[in-house]
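Reader: I am new to this structure and would like to go through some of its parts. Could we take them one at a time?

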Amino acid sequence: MGSCRWKVLAAAFLAIVGSLLPVDADEHEHTYTDKEEVVLWMNTVGPYHNRQETYKYFSLPFCVGSKKTISHYHETLGEALQGVELEFSGLDIKFKEEVMQTTYCEIDLDKAKRDAFVYAIKNHYWYQMYIDDLPIWGIVGEADENGEDHYLWTYKKLEIGFNGNRIVDVNLTSEGKVKLVPNTRIQMSYSVKWKKSDVKFEDRFDKYLDPSFFQHRIHWFSIFNSFMMVIFLVGLVSMILMRTLRKDYARYSKEEEMDDMDRDLGDEYGWKQVHGDVFRPSSHPLIFSSLIGSGCQIFSVSLIVIIVAMVEDLYTERGSMLSTAIFVYAGTSPVNGYFGGSLYAKQGGRRWIKQMFIGAFLIPAMVCGTAFFINFIAIYYHASRAIPFGTMVAVCCICFFVILPLNLVGTILGRNLSGQPNFPCRVNAVPRPIPEKKWFMEPAVIVCLGGILPFGSIFIEMYFIFTSFWAYKIYYVYGFMMLVLVILCIVTVCVTIVCTYFLLNAEDYRWQWTSFLSAASTAVYVYMYSFYYYFFKTKMYGLFQTSFYFGYMAVFSTALGIMCGESSV
């Protein structure tokens with residue numbers, strides 16, 4: 001009886017898996033035979049200036065072709081989170097088979113439908129389609145110079161390039177401008193022309209890239225400028241360390257000539273006064289160690305994702321970058337637990353389970369909280385960015401059944417392998433009083449000034465990253481991003497060394513939070529720059545797009561700040 005049950009379960013499993021696998025050559029394999037069906041997917045439609053404010057294509061009163069509907073499911077987690085909503089166009093397209101101008105449907109234009117089209121045209125609505133995973137963009141319509149009459153483009157003229165049995169190029173020309181008049185019938189038509197192309201399949205996305213923008217001389221100059229900043233800061237840190245070591249060496253040489261009484265009566269000065277307090281546990285060690293562990297994980301994710309993006313062209317697959325980042329983040333959870341747990345143990349923390357939970361869910365709670373808040377607005381707008389319930393459940397399952405157990409493993413390893421304090425000097429039982437110091441030596445001032453140079457080393461790259469995400473550019477120069485990440489780490493380390501030196505020299509041993517926040521203040525400058533970018537570099541408008549922009553920019557800036565703060569401790 002038991003073997004029979006297992007056979008039934010195995011057969012059901014194979015049936016489900018078999019239903020998900022493609023049977024014939026199609027857009028999943030990107031190979032076609034002559035006269036094989038080629039699917040034109042309609043994705044989303046929305047205002048041109050609000051890239052993230054998108055709606056289902058058929059939320060506008062477009063009509064659909066007569067061909068039988070094909071359903072589409074989200075193939076990756078990234079697709080679902082990014083609001084990809086593919087719907088079959090109903091157009092009959094076959095590989096290498098040309099189609100003359102053909103009417104595929106008619107729109108009965110009543111007043112409600114006309115008003116919907118007029119609203120879309122006034123707000124510069126554009127739509128996106130896909131053929132064999134190649135994106136195509138078109139505009140809904142246009143208005144006359146006076147803005148009184150509005151016209152709808154009714155003729156989709158497709159020109160598809162092929163190389164062997166693969167599609168390598170798609171172009172759309174919108175024609176057939178028809179004036180929108182209520183109580184009329186509008187015929188929608190299309191045509192397909194096939195042409196042989198010399199473009200290789202591996203290079204078919206090159207037409208969507210913009211080398212003149214990303215490889216502009218300003219981009220190269222910013223990298224050179226940041227590199228010179230690195231040289232200056234490394235020289236400054238080296239000078240401080242050499243000056244300190246030289247004075248110490250001279251002082252020790254002088255002490256060798258003193259007797260024991262004179263040596264005991266000698267006064268220590270500057271940072272040496274606090275050598276017995278410098279390794280004192282930080283205030284709020286639980287939060288501090290959780291932030292350090294999260295910062296280590298964010299740095300690991302950034303490094304791995306950039307390397308993967310340099311090796312693989314992630315921009316060629318819908319949602320692949322986001323999916324990769326999510327699964328890499330889940331896989332690197334032991335890094336968070338190891339560094340956070342070991343630091344908490346070194347500082348004498350006893351509530352290690354609470355620290356593990358906070359470290360594991362600190363970043364996911366911030367991201368998911370922001371996403372769910374924006375999701376309510378997206379649902380109100382009926383936008384395609386509204387996250388489906390099933391996707392929410394999948395994300396929660398990743399957090400509880402992948403991130404948390406791996407974080408637990410890392411915490412246990414960190415506490416047992418490197419959780420014992422191994423400080424080079426003994427910590428005094430009684431904390432030393434902190435003397436009065438000049439205003440510019442106060443921790444608050446050091447924190448505010450500490451993020452200026454790290455931000456200065458990356459703000460040009462921030463412009464290119466913002467433009468690729470919030471505008472219509474595909475970011476592909478991940479070699480630049482890797483170089484900027486390395487420069488940012490070096491600059492942050494050098495700045496925090498200098499800040500910590502000045503703080504300890506003022507006999508203030510509260511260096512942990514000051515060092516972390518002086519580097520993390522880079523996030524404040526990045527977020528301030530996002531305000532400048534929003535008001536002066538974009539034409540975004542509306543509650544949904546504004547909340548989406550500033551919500552996710554807050555998440556990005558906070559994650560960047562935590563990563564920078566981690567590299568300083």
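Author: Helices here are DSSP runs of H or I with at least four residues, numbered from the N terminus. The model is a predicted one.

Reader: In which helix is the place of Thr-522?

Author: The helix in question covers residues 522–537. Thr-522 has its place in that run, which is helix α16.

Reader: Is Thr-522 buried or exposed?

Author: Buried means under 20% relative accessible area. Thr-522 has a relative accessibility of 0%, so Thr-522 counts as buried.

Reader: Which residues does Thr-522 touch, not counting those up to four places away in sequence?

Author: Residues up to four places away in sequence are left out of this list. With that exclusion, Thr-522 touches Gly-451, Pro-454, Phe-455, Ile-458 and Cys-564.

Reader: At roughly what angle do the axes of helix α7 and helix α10 cross?

Author: Helix α7 covers residues 285–311 and helix α10 covers residues 352–381. Their axes come within 9 Å and cross at roughly 45°.

Reader: What does that make α7 relative to α10?

Author: Angles under 35 degrees count as roughly parallel, and 65 to 115 as roughly perpendicular. The axes cross at roughly 45°. That makes α7, relative to α10, oblique.

Reader: Which residues of α7 and α10 make the contact?

Author: On the α10 side the contact is made by Lys-354, Gln-355, Ile-358, Gly-359, Leu-362 and Ile-363. On the α7 side it is made by Leu-286, Ile-287, Ser-289, Ser-290, Leu-291, Ser-294 and Ile-298.

Reader: How many residues of the contact of α7 with α10 are nonpolar?

Author: The residues of this contact include five polar and one charged. The nonpolar ones number seven.

Reader: How many bridges join strand β5 to strand β6?

Author: Strand β5 covers residues 125–131 and strand β6 covers residues 134–139.

Reader: Which residue in the turn of the β5 and β6 hairpin has a positive phi?

Author: The hairpin has two residues between its strands. With a positive phi of about 55°, the residue in the turn is Asp-132.

Reader: Is His-30 buried or exposed?

Author: His-30 lies in the loop between α1 and β1, and its phi is near 60°. Buried means under 20% relative accessible area. His-30 has 9%, so His-30 is buried.

Reader: What is the relative accessible area of His-124?

Author: His-124 is in the loop between α3 and β5, and has a positive phi of about 55°. His-124 is partly exposed, with a relative accessible area of 45%.

Methods. Residues are numbered from 1 along each chain as its sequence is written. This is a predicted model: local features need pLDDT of at least 70, side-chain atom pairs count only at pLDDT 80 or more; totals for chains, interfaces and linings use all residues. Side-chain values use heavy atoms; hydrogens and water are left out. Buried means under 20% relative accessible area, exposed over 50%, partly exposed in between (1.4 Å probe, protein chains only). Contact means heavy atoms within 4.5 Å. Axes are lines fitted to C-alpha atoms, for helices over the stretch in contact, and angles run from 0 to 180 degrees between N-to-C directions. Angles under 35 degrees count as roughly parallel, over 145 as roughly antiparallel, 65 to 115 as roughly perpendicular and the rest as oblique. Ala, Val, Leu, Ile, Met, Phe, Trp, Tyr, Cys and Pro count as nonpolar, Asp, Glu, Lys and Arg as charged, and the others, Gly among them, as polar. Two strands pair if DSSP finds at least two bridges between them.
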